[in-house]
Amino acid sequence: SPYHSGINPEGDYLNPRVFDLAAAGAFQLVDLRLQLPEFFRPEEELATFASLSEARDKIDYFLAHDNERCGVAARGRQRCLAEHTYEHRLKEALAILADFFPELRGRPRPEHPVDQLRRQFPPDHPLQAVLAAVPPEVTDLAGVVEHLQTGEEPLTEAEALLWLLHEFRQGLQRGRF
């Protein structure tokens with residue numbers, strides 16, 4: 001459904017059929033979509049139209065010009081096979097997954113931000129005790145402060161400094177400092 005979340009509700013996207021027909025070497029006369037130039041060169045690899053009268057004119061034209069029609073179809077097929085096969089899409093999808101899971105490519109997973117912060121201070125530093133109490137799902141200073149807000153004890157000096165740092169950072173982001 002074009003009304004599904006994340007799908008363009010105006011239907012201004014390329015239907016997979018455009019790629020299937022191009023791969024098969026078929027000539028296509030398609031309505032001009034905003035995404036089309038990202039994938040094909042309009043009028044060189046696919047013929048396009050913006051109105052019903054233009055579609056009728058181009059149908060008549062390409063029916064009368066076999067060589068041009070076949071050339072457009074051949075260039076569309078060449079482009080599709082060079083850049084838009086399932087193999088290409090799968091490689092793109094795997095690259096995205098590898099960015100989320102670097103260990104898939106044999107690279108170590110990036111160090112957790114709180115662990116990076118821990119390395120900046122000696123083991124006996126008061127901040128180490130604060131960071132040791134932070135749950136593993138906390139990945140940034142805002143999360144550390146949110147965790148501190150759940151405590152019932154008075155803030156230690158290290159906790160207060162982290163909170164102050166967070167407030168200062170928020171002020172910078174809002175343009176107040």
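User: Does Q170 count as buried, partly exposed or exposed, and at what relative accessibility?
Analyst: In this predicted model, the place of Q170 is in helix α9. Buried residues have under 20% relative accessible area and exposed residues over 50%. Because the relative accessibility of Q170 lies between these limits, the residue counts as partly exposed, at 24%.

User: What distance separates the C-alpha atoms of Q170 and A142?
Analyst: Q170 belongs to helix α9, and along the chain Q170 and A142 are 28 residues apart.

User: Does L164 count as buried or exposed?
Analyst: L164 also has its place in helix α9, and its C-alpha atom is separated by 9.4 Å from that of V145, 19 residues away along the chain. The cut-off for this class is over 50%, and since L164 has a relative accessibility of 55%, L164 counts as exposed.

User: Which helices do the buried residues of α8 pack against?
Analyst: Helix α8 spans residues 141–149, and its buried residues are L141, G143, V144, V145 and L148. Packing from these buried positions is directed against three elements, namely α6 (113–119), α7 (126–132) and α9 (157–174).

User: What span does helix α4 reach from its first C-alpha to its last?
Analyst: Helix α4 covers residues 66–83 and has 18 residues. At 1.5 Å a residue the expected value is 26 Å, and the helix is close to this expectation, with a reach of 26 Å.

User: Which elements do the buried residues of α4 pack against?
Analyst: The residues of α4 that count as buried are G71, V72, A73, G76, R79 and C80. Their packing involves helices as well as a strand, and the elements are α1 (16–24), α2 (36–39), β2 and α3 (52–64).

User: How are α3 and α4 oriented to each other?
Analyst: Where α4 meets α3, residues Y61, F62, L63 and A64 of α3 are in contact with D66, E68, R69 and V72 of α4, and by class this contact holds five nonpolar, no polar and three charged residues. The two axes come within 5 Å and cross at roughly 105°. Angles of 65 to 115 degrees form one class, and the two helices are therefore roughly perpendicular.

User: Which residue has a side chain in polar contact with the side chain of T48?
Analyst: T48 is found in strand β2, residues 47–49, and because its relative accessibility is 5%, T48 counts as buried. Beyond four places in sequence, T48 touches residues that include L29, V30, L32, L36, E54 and K58. Its side chain makes a polar contact, at 2.2 Å, with the side chain of E43.

User: What value is phi of E43 near?
Analyst: E43 sits in the loop between α2 and β2 and counts as partly exposed because its relative accessibility is 36%. Its phi is positive although the residue is other than glycine, and the value is near 75°.

User: What share of the 177 residues of the protein chain counts as buried?
Analyst: The protein chain has nine helices and two strands, which follow the pattern α-β-α-β-α-α-α-α-α-α-α along the sequence. Of the contacts with a separation of 6 or more, 38% join residues 24 or more positions apart. Among the 177 residues of the chain, the share that counts as buried is 25%.

Note on methods. Residues are numbered from 1 along each chain as its sequence is written. This is a predicted model: local features need pLDDT of at least 70, side-chain atom pairs count only at pLDDT 80 or more; totals for chains, interfaces and linings use all residues. Side-chain values use heavy atoms; hydrogens and water are left out. Helices (H or I, at least four residues) and strands (E, at least two) are DSSP runs, numbered from the N terminus. Buried means under 20% relative accessible area, exposed over 50%, partly exposed in between (1.4 Å probe, protein chains only). A polar contact is a pair of N or O atoms within 3.5 Å; within protein, one must be able to donate a hydrogen and the other to accept it, and residues adjacent in sequence count only if both atoms are side-chain atoms. Contact means heavy atoms within 4.5 Å. The expected span of a helix is 1.5 Å times one less than its number of residues. Axes are lines fitted to C-alpha atoms, for helices over the stretch in contact, and angles run from 0 to 180 degrees between N-to-C directions. Angles under 35 degrees count as roughly parallel, over 145 as roughly antiparallel, 65 to 115 as roughly perpendicular and the rest as oblique. Ala, Val, Leu, Ile, Met, Phe, Trp, Tyr, Cys and Pro count as nonpolar, Asp, Glu, Lys and Arg as charged, and the others, Gly among them, as polar.
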